[in-house]
Amino acid sequence: MSFLWKGSSNQSNPSERLENLLKDTPIVDTHNDFPYLLRIQLHNILNSDPNFDFNDDKLLNHTSLPKIKKGRLGVQFFSAYIGCRYPDSLSQDFNYRTPIVRDTIEQIDVIERLIEKYDNDLKFAWNSDQALEIYRKEKKLAVTIGVEGLHQCDASIAMVRKYFDLGVRYITLTHNCDNPFATAASSVSAGLEDKGLTELGKECIAEMNRIGMLVDLSHVSYQTMIDTLEVTKSPVIFSHSSAYAKCPHLRNVPDDVLLKVKENKGVVQVNFYPAFLKNPEKNTEKVTIEDALDHIFHIAEVAGWDAVGLGSDFDGIDSAPEGLEDVSKYPDLLIKAIERGATDEQIRGLMGGNILRVWKENEVIAKKLQASGAPISESIWSERKWYTKSGAAKLPHLYEGSLDVFFKKDIKE
């Protein structure tokens with residue numbers, strides 16, 4: 001991927017410089033919740049509602065094809081998001097039975113159907129090279145998928161593998177709830193202990209590394225960030241987080257973690273939600289595009305320009321910064337970054353080069369781990385309930401004593 005680091009352009013006009021960069025480097029956004037709007041407002045029905053057309057420039061939300069084209073977006077990670085379904089947001093009852101896997105697969109399905117319906121402009125990307133080829137050669141938006149929380153795997157590492165098979169390329173370790181793998185930032189802010197990664201969580205990270213699933217640390221607690229950066233073999237991402245030093249919110253990344261991200265060669269994709277950008281030192285309620293730039297430049301100052309990108313959270317937020325209202329505004333942000341003094345090389349990384357490098361590196365490391373014989377994870381959450389029926393004891397036994405392994409303690413009528 002040598003395209004990532006070409007020399008700076010001699011053109012002095014910021015717009016011309018950006019146009020030159022866009023010839024071979026896509027703008028990449030790692031977090032957009034548009035599919036969730038399809039779920040909660042249309043029940044994922046794309047063809048029967050005469051009022052919905054993704055190609056309509058009058059859509060009221062943050063994301064549409066006309067806005068994508070105006071914003072020059074090249075690669076989009078759409079979120080297959082389903083919220084936590086435990087009894088409450090602080091629940092530790094991770095055996096609580098819900099249709100979370102079904103609902104997540106429905107979101108993967110609606111993303112695929114959206115691509116099929118608008119295939120003149122959209123195409124699914126299974127890997128980093130394909131995403132780049134779709135952008136460069138086919139001039140379409142390359143689309144891939146993120147799952148926003150391991151709660152959507154229902155305590156099963158097997159589901160991590162199955163989501164990968166379906167095209168998911170990152171999973172956030174938590175959303176706004178704990179799970180059997182890790183502690184969430186929201187739990188800590190509500191007063192629960194920051195337990196970081198569990199042993200099962202460490203096993204899950206190893207399996208994500210083995211298959212090439214990007215590990216996403218947005219939404220996780222501070223200790224989960226630290227623990228993950230100690231055990232991962234692959235670069236991590238923060239798919240939609242900003243800088244804690246500029247806005248002291250637990251969803252943001254502290255400077256000491258930014259330094260560890262630099263060592264890890266990972267990337268922090270800046271979130272545009274005003275609550276994560278607002279700088280208390282400015283003594284104003286107004287949040288603008290300049291605040292987003294402040295976060296970008298702070299991350300670059302601490303962790304280096306190799307460690308920053310864009311993860312808007314569009315259509316998953318109820319407000320946006322002034323000047324950064326929807327997906328059409330990416331060029332405005334990048335031009336302002338150029339005007340602040342960023343070089344072409346730095347802008348290339350910010351707009352998409354950095355996340356593409358991290359995605360590629362995860363693929364390379366996964367191939368090496370698989371070639372070395374790294375075993376598939378069969379780890380199981382120790383507190384999982386299997387709800388086995390006693391009558392199943394009449395079925396053939398695998399071997400003498402096989403019912404003593406798990407069956408007898410799993411029995412529940």
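**Close-up views of a predicted model**

**View 1. The surroundings of D121.** The side chain of D121 makes a polar contact with the side chain of K69, at 3.1 Å, in a structure that is a predicted model. D121 itself is placed in the loop that runs between helix α4 (100-117) and strand β3 (122-124).

**View 2. The protein chain as a whole, for orientation.** The protein chain holds 15 helices and nine strands. Its radius of gyration is 22 Å, close to the 22 Å that the globule rule gives for 413 residues, so the chain is as compact as a globular protein of that length. Along the principal axes, the C-alpha trace spans about 80 × 50 × 45 Å. Of the 413 residues in the chain, 57% are buried, and among contacts between residues at least 6 apart in sequence, 72% join residues that are at least 24 apart.

**View 3. The largest pocket and the residues that line it.** The volume of the largest pocket is about 350 Å³. Its lining consists of 22 residues, of which H175, N176, H219, D313 and G316 are the closest to the centre of the pocket. Two or more lining residues come from each of the elements α2 (34-42) and α7 (185-189). Sorted by class, the lining of this pocket comprises nine nonpolar, eight polar and five charged residues.

**View 4. Helix α2 and what covers it.** Helix α2, which also gives residues to the lining of the largest pocket, has F34, P35, L37, L38, R39 and L42 as buried residues. The cover over these buried residues includes the strands β1 (27-32) and β2 (73-79) together with helix α4.

**View 5. The largest cavity.** A search of the whole structure finds one cavity of 30 Å³ or more, and about 60 Å³ of space lies in the largest cavity. The residues R85, Y86, F94, Y96, T98, I100, H151, D154 and A155 form its lining, which divides into five nonpolar, two polar and two charged residues.

View 6. Most residues other than glycine have a negative phi. A155, which is among the residues lining the largest cavity, has a positive phi near 65 degrees although it is a residue other than glycine. This residue lies in the loop between β4 (141-147) and α6 (157-165). The relative accessible area of A155 is 11%, which is under the 20% limit, and A155 therefore counts as buried. N283, likewise not a glycine, has a positive phi of about 55 degrees and is placed in the loop between α11 (274-277) and α12 (289-303). Because its relative accessible area is 72%, over the 50% limit, N283 is exposed.

**View 7. L258 within helix α10.** L258 belongs to helix α10, which covers residues 255-264. With a relative accessibility of 0%, L258 counts as buried. Leaving aside neighbours within four places in sequence, the residues in contact with L258 are V253, V268, H298, I299, V302 and A303. The C-alpha atom of L258 is separated by 10.0 Å from that of E301, a residue 43 places away along the chain.

**View 8. Helix α13, a mostly covered helix.** Helix α13 runs over residues 330-339, and seven of its 10 residues are buried. These buried residues are Y330, P331, L333, L334, I335, A337 and I338. Following the helix is G341, for which phi is positive, near 115 degrees.

Note on methods:
Residues numbered from 1 in each chain as written. Predicted model: local features only at pLDDT ≥ 70, side-chain atom pairs only at ≥ 80, totals over all residues. Heavy atoms only, no water. Helix = DSSP H or I, 4+ residues; strand = E, 2+ residues; numbered from the N terminus. Polar contact = N/O pair within 3.5 Å; in protein donor to acceptor, adjacent residues only side chain to side chain. 1 Å grid on protein atoms, 1.4 Å probe; cavity = no way out; pocket = protein on both sides within 12 Å on 5 of 7 lines; lining within 4 Å. Points joined across faces, edges and corners; volume = space filled by probe spheres on them. Nonpolar A, V, L, I, M, F, W, Y, C, P; charged D, E, K, R; others polar. Rg over C-alpha atoms; globule rule 2.2 N^0.38 Å. Buried < 20%, exposed > 50% of the residue type's maximum accessible area, 1.4 Å probe, protein only. Contact = heavy atoms within 4.5 Å.
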